[in-house]
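Please have a look at the sequence and the model first.

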Amino acid sequence: MKMNKASIVLLYFGFIFIHCDAKSIREKPQAFESFNVSYIQNLGSCSYSVVFTTSCSSTSYTRDQISIAFGDAYGNQIYAPRLDDPASRAFERCSSDTFEIKGPCAYQICYVYLYRTGPDGWKPETVKIYGYNSRAVTFYYDTFIPGDTWYGFNYCNSASSSHRWIGQTSFLFVVLWFVLYALI
């Protein structure tokens, strides 16, 4: 039984749509209570721009102390112990705040953790990090940061398996295309 060209093309693009849709799933941030910042180097040899977008459903402002730690899969870690400054009106509802943070030079940033202490609460929507040796990366929080615990994302361990999965999937799509084309 032969399929017509339109059916084959529609089937092919259906597979591509399913593949693209599956990769858009976002994970939720996790608490990392054993995270230790005492061994983090703070050599200050590279500069990073970190853009925080505060959710419109956050508290109107926060007096809480906000800290950040991020890094790559090779142990290069950057830590800023206190970003907040109530006088600067940072971390207000529906706002974006950019901080320049110095730290050791890292490769592709693959994890970020935020730490909040104080009575007000704070709900970041996104944290976007720009670095010298890496592509910009966005972490999607959209949840209130719990108090007195490191809270965030660690994609470092899944990076190599993710690239392998994408390569295998792309290869399968090419093979599928040739098989479908041969059926025409």
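This is a predicted model: local features need pLDDT of at least 70, side-chain atom pairs count only at pLDDT 80 or more; totals for chains, interfaces and linings use all residues.

Cys94 counts as partly exposed because its relative accessibility is 46%, where buried means under 20% relative accessible area, exposed over 50% and partly exposed in between, with a 1.4 Å probe and protein chains only. Its partner is Cys56, and the disulfide that joins these two has an S to S distance of 2.1 Å, the term standing here for a pair of cysteine sulfur atoms within 2.5 Å. The pair links distant parts of the chain, 38 residues apart, with Cys56 in the loop between strand 2 and strand 3 (65-71) and Cys94 in the loop between strand 4 (77-80) and strand 5. Helices (H or I, at least four residues) and strands (E, at least two) are DSSP runs, numbered from the N terminus.

Residues are numbered from 1 along each chain as its sequence is written, and side-chain values use heavy atoms, with hydrogens and water left out.

How many disulfides does a search of the whole structure find? The search gives 3, and, with bonded cysteines counted along the chain, they follow the pattern 1-4, 2-3, 5-6.

Turning to another of them, Cys46 is joined to Cys105 with an S to S distance of 1.8 Å, and this link is right-handed, with 80 degrees about the S-S bond. Cys46 sits in strand 2 (residues 46-54) and Cys105 in the loop between strand 5 (96-103) and strand 6 (111-117), so that the pair links distant parts of the chain, 59 residues apart. As for accessibility, Cys46 is buried at 9%, whereas Cys105, at 31%, is partly exposed.

In the disulfide of Cys110 and Cys156 the sulfur atoms are 1.9 Å apart, and the link is again right-handed, with 85 degrees about the S-S bond. Cys110 lies in the loop between strand 5 and strand 6 and Cys156 in the loop between strand 9 (151-154) and helix 2 (159-182), so this pair ties together parts that are 46 residues apart in sequence. Both Cys110 and Cys156 are buried.

Finally, the arginine: Arg116 lies in strand 6 and counts as buried because its relative accessibility is 8%. Leaving aside residues up to four places away in sequence, Arg116 touches several others, among them Asp64, Trp122 and Asp148, contact meaning heavy atoms within 4.5 Å.
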